[in-house]
Amino acid sequence: MREVKQGSRAEVCIRRAEHALHEEGNLHTSRRWFEEAHQEAERWGDTAVQARAALGLGGIWLNEHRTTAESLMISTRQQQALAAITPGSALAVRLRVRLAAERDNLIGEHASVLRTLAHARNTGDPVALAEALSLSHHCLMSPEHQDLRFELARELIGLASRTERRGDLLMGLLWWTVDLFLAADPHAERSLGELRDRLAARDHPAIGFVIDAIEVMLLIRAGRLEEAERAAAACSERGTAAGDVNAIGWYGAQLATIRWYQGRVAELLPLLSDLVNSSALCHADYAYFPALAVAAAEAGDRRLAETMVSRLRDITLPPAKNWLAAMYGLVEAAHLLDDEALAARAYDLLRPYARLPMVASRGAACFGSAHQSLGLAALTMGQVERAVEHFGEALRANQALGHWPAAALSRWRLGHALVRLGGPRDELVMAEKEAAELGMALPEVRGPQARAAGPSVAVCSKGGRWWQVELAGRTALVKPSVGMRHLSILIANPRREIRAIDLVAGGEDTPVQPAHSAQPVLDEHAERTYVARMTELEEEIDELEAANDLERAAALRAERDWLISELTGSTGLGGRTRHFTDDHERARIAVSKAIRRALTHIAEADDVIGAELRATVQTGVRCSYLPR
């Protein structure tokens with residue numbers, strides 16, 4: 001009687017495990033029950049339950065066990081179970097499908113799993129076929145298999161009614177939705193909505209985690225970067241709770257995407273350094289190497305950047321589930337490192353997929369149209385006209401995707417390429433406006449063509465609250481100040497002398513008043529700007545002090561104190577506006593000090609631009625900008 005009772009315990013465990021996996025979508029719970037079922041079945045010699053438990057421990061995705069010890073233990077159990085059951089049974093076919101898919105996924109292949117898919121069709125067993133369809137789809141995530149993936153997803157959706165397992169229908173709908181996003185299909189979000197509605201009635205954490213990840217990607221596309229960052233953290237927590245091993249890696253990818261568009265990817269150098277060596281990543285996932293290369297290059301660590309790039313330089317880079325995302329990072333790294341040879345090789349590899357968006361995995365992140373990377377690769381090679389064509393296509397494709405940060409970046413790079421061909425600056429101005437509205441930072445445009453051009457005439461423009469100074473493909477954003485206003489006039493009039501007293505009056509064309517004129521030291525616009533900035537600073541200082549961020553608060557107090565001194569210095573007794581007389585010397589001193597402060601702020605933003613302007617801007621009674 002005791003033996004019967006113990007045997008029934010194994011059956012109870014396996015039923016609970018399969019229900020948790022295929023009906024409830026809870027990977028954590030299913031693993032616990034599958035492990036108990038395996039131990040009970042092994043103890044009482046129940047080879048059928050033992051095989052079902054070994055199979056179930058593989059989960060619903062591929063490579064759910066990332067450490068070498070865990071993955072080898074599970075595959076060994078599955079091989080032993082396969083040897084102990086009837087070779088032609090449906091259960092044996094399911095085990096062979098799983099083993100073949102895991103091997104193919106590890107090496108970036110798909111031939112073995114497609115052979116086992118054919119065997120699954122011959123069994124007539126709907127469950128065996130459903131699993132074979134899903135696992136085969138998972139092995140075919142590279143861009144050249146788009147049509148075949150659609151066929152497999154469509155067949156899985158149609159088959160789901162025969163398996164009587166809720167998870168099979170959800171999996172089919174998910175693969176179909178993912179394929180639509182990977183193909184830039186305009187109906188992708190409609191399909192996502194259908195899937196979301198099904199889960200609203202009854203959750204399925206494993207599928208829900210992927211849906212949440214896609215939602216984060218859509219927030220990034222919409223340019224809602226701060227909201228996307230909060231959603232990414234919540235998504236990671238949900239993935240961890242569901243037992244999905246991708247929770248850590250996907251969060252890293254989403255955070256890297258957000259920081260990239262914010263111009264802060266260098267901040268992630270420690271995180272990405274840990275991730276590239278983390279056991280949480282799939283062995284075949286190489287997308288984090290170029291991501292780390294970009295972060296290192298932006299942080300000024302060229303050696304680390306070149307090390308990461310070299311790990312990919314001598315391999316074929318076979319297309320895989322993260323291949324397009326990896327290529328995006330590789331091209332950006334090649335541009336930052338001025339590596340023309342790498343850019344040329346990446347261009348040739350990527351060109352067949354120009355029409356596709358560069359999406360990571362099952363939709364965790366998106367970097368916009370592949371034309372973006374093709375254009376940057378062409379620009380890095382010095383092929384500016386070809387770059388213009390690709391950036392134009394990228395802008396149109398990114399607008400169709402609703403990927404506004406990528407669209408602003410495409411427009412920015414298109415504008416730089418057009419200027420190099422002697423075209424207008426209209427696209428640059430529009431890109432700056434779009435970026436400011438999205439709260440993103442536009443990157444420098446570098447490469448051999450920028451380096452060969454050497455120092456050139458600077459351009460200074462006002463966009464929103466910030467001044468933007470451009471020189472030889474580099475850009476510096478600087479806060480408003482009187483000195484920047486003076487400097488902008490000099491830069492707009494290269495090689496022309498302008499009297500300091502005329503700069504105080506507002507420009508070279510402003511008529512100079514007769515002796516003892518009443519020209520304010522600060523004009524009304526400057527005073528309003530200073531007062532508005534002081535109000536902002538007071539609020540920011542209060543918030544930082546409340547958060548105990550004393551270092552940043554001290555920096556803002558220093559700026560506030562400087563503004564107070566400027567305002568105080570511009571008024572006389574009783575708060576009356578203080579004026580220059582015809583004292584050209586006093587005008588010279590005030591203008592020189594203001595311009596020197598502005599040059600210091602520019603150098604803090606970009607030391608190359610700062611050094612060049614310090615060498616070419618002259619101050620005195622007469623001031624000038626003399627570009628080399």
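User: Let's start with the second largest cavity. What volume does the second largest cavity have?

Analyst: In this predicted model, the second largest cavity comes to about 270 Å³. To read a cavity, ask how big it is, then who lines it. Here 21 residues form the lining, and those closest to the centre are His22, Gly59, Ile60, Glu131 and Arg165.

User: Okay, and which helices supply at least two residues each to the lining of the second largest cavity?

Analyst: Five stretches to find in the viewer: α1 (2–24), α3 (47–56), α5 (90–107), α7 (126–139) and α9 (166–182). Of these, α7 gives the most, with 4 residues.

User: How many nonpolar, polar and charged residues are in the lining of the second largest cavity?

Analyst: Sort the lining by class and you get 8 nonpolar, 6 polar and 7 charged residues.

User: How many cavities of 30 Å³ or more does the structure hold?

Analyst: There are 5 of them.

User: Which elements give two or more residues to the lining of the largest cavity?

Analyst: Look for α13 (246–262), α15 (288–299) and α17 (323–336). Helix α13 gives the most, with 7 residues. By class, the lining of this largest cavity has 19 nonpolar, 6 polar and 4 charged residues.

User: Now helix pairs. At what angle do α20 and α21 pack?

Analyst: For a pair like this, check the angle, the spacing and then the handedness. Helix α20 covers residues 384–401 and helix α21 covers residues 404–420; they pack at about 155°, with their axes 8 Å apart. An angle over 145 counts as roughly antiparallel, so α20 and α21 are roughly antiparallel to each other.

User: Is the crossing of α20 and α21 left-handed or right-handed?

Analyst: This one is left-handed.

User: Which residues in α20 meet which residues in α21?

Analyst: On the α20 side, pick out Val384, Val388, Phe391, Gly392, Ala394, Leu395, Asn398 and Gln399. Their partners in α21 are Trp404, Ala406, Ala407, Ser410, Arg411, Arg413, Leu414, Ala417, Leu418 and Arg420. Sorted by class, the contact of α20 with α21 has 11 nonpolar, 4 polar and 3 charged residues.

Notes
Residues numbered from 1 in each chain as written. Predicted model: local features only at pLDDT ≥ 70, side-chain atom pairs only at ≥ 80, totals over all residues. Heavy atoms only, no water. Axes fitted to C-alpha atoms, helices over the stretch in contact; angles between N-to-C directions. Parallel < 35°, antiparallel > 145°, perpendicular 65-115°, else oblique. Left-handed = near helix turned anticlockwise from the far one by under 90°. Contact = heavy atoms within 4.5 Å. Nonpolar A, V, L, I, M, F, W, Y, C, P; charged D, E, K, R; others polar. 1 Å grid on protein atoms, 1.4 Å probe; cavity = no way out; pocket = protein on both sides within 12 Å on 5 of 7 lines; lining within 4 Å. Points joined across faces, edges and corners; volume = space filled by probe spheres on them.
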